[in-house]
Amino acid sequence: MVRGRIHRLGVAGVITVLACGCAPQHGERHTTTSHSEAAPGRAGEPHYGAAVPRLGSAALSPAVTGKTVLVVGDSWSASIGQGMSEVGASHNTVVNAGLGGCGILLPVGKETPEACRKWPTRWPSYLQKYKPDAVLLTVGFWDVTPQRLAGDKEAHDLTSPAHETAFRDRLNQAISLLTERNTPLYLMTSQQAGHPKYRSSALVMNRVLREASAKHPGVRLLDLRGQLCNDDGCPKVLGGTQVYDPTDHPTKPARARLANWALNAMFTKDGA
């Protein structure tokens, strides 16, 4: 048996994911939205229909063995990375560098932790140290919320053309850094496109993510929203599984299914 390792990286080195990577999302709680609130708009979002979302995969493929995965991004990334460690670390290495409260936009102000500003230097160092077979980047919540960037007097979300441009530029920077060693990079769409409060901004994010994955070789998009939501919204229970915990992150059973799905997509031919 090939034994794997779990690396949990955070503000002060090796710490537990839940201490730094799964912070509550601005106190929001998940709600099931109506069809009129959640239906795709003109931002290039696909129609999901009314079918019950799959919520990931029930099992991890035996083909996922001997792999090293680097997980970077926000608290959702950290949560799914924790799921990866729970379902696959006995045969794989999971380097979980997801950080709660961090995106890639680098907003100004004291409200942004210093650790959130260090990804342009930290991520390349992780690639060099761990030499992953694949990288997962998720920034689906924090970067869709209103933020004040350099030169802003007020906070804006991604519906602002300037903020959309800033997000696209930062995403291109992240892609360049994370694929420098020709490492396959997987991006995830934002499930917040199913939330009425953040839908418009998240639709912009998802469009930019789709454009980036189509433009850059070695970059693939995993449709997290499609695993959790349909055109009627994002149910709290799927197939008898409670999807969200009190901090609006995936419960342990939900993150296991999402981790299986992501790992299978990375390392199996059919991506089942």
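In helix 4, the residues Trp119, Trp123, Tyr126, Leu127 and Tyr130 are buried (under 20% relative accessible area, with exposed meaning over 50% and partly exposed in between; 1.4 Å probe, protein chains only). Viewed down the axis of helix 4, these buried residues fall within an arc of 100° and so line one face of the helix, the arc being that of the directions from the helix axis to the C-beta atoms. Thr121, Gln128 and Lys129, on the other side of helix 4, are exposed. The model is predicted: local features need pLDDT of at least 70 and side-chain atom pairs count only at pLDDT 80 or more, whereas totals for chains, interfaces and linings use all residues. Residues are numbered from 1 along each chain as its sequence is written, and side-chain values use heavy atoms, with hydrogens and water left out.

Helix 4 comprises residues 119–130; helices here are DSSP runs (H or I, at least four residues) numbered from the N terminus. Lysine 131, which follows helix 4, has a positive phi, near 45°.

The axes of helix 4 and helix 5 (residues 161–178) come within 9 Å and cross at roughly 25°, where axes are lines fitted to C-alpha atoms over the stretch in contact and angles run from 0 to 180 degrees between N-to-C directions. The two helices, helix 4 and helix 5, are therefore roughly parallel to each other (angles under 35 degrees). Trp119, Pro120, Trp123, Pro124 and Leu127 of helix 4 meet Arg170, Gln173, Ala174, Leu177 and Leu178 of helix 5, contact meaning heavy atoms within 4.5 Å.

Methods
Expected span 1.5 Å × (residues − 1). Parallel < 35°, antiparallel > 145°, perpendicular 65-115°, else oblique.
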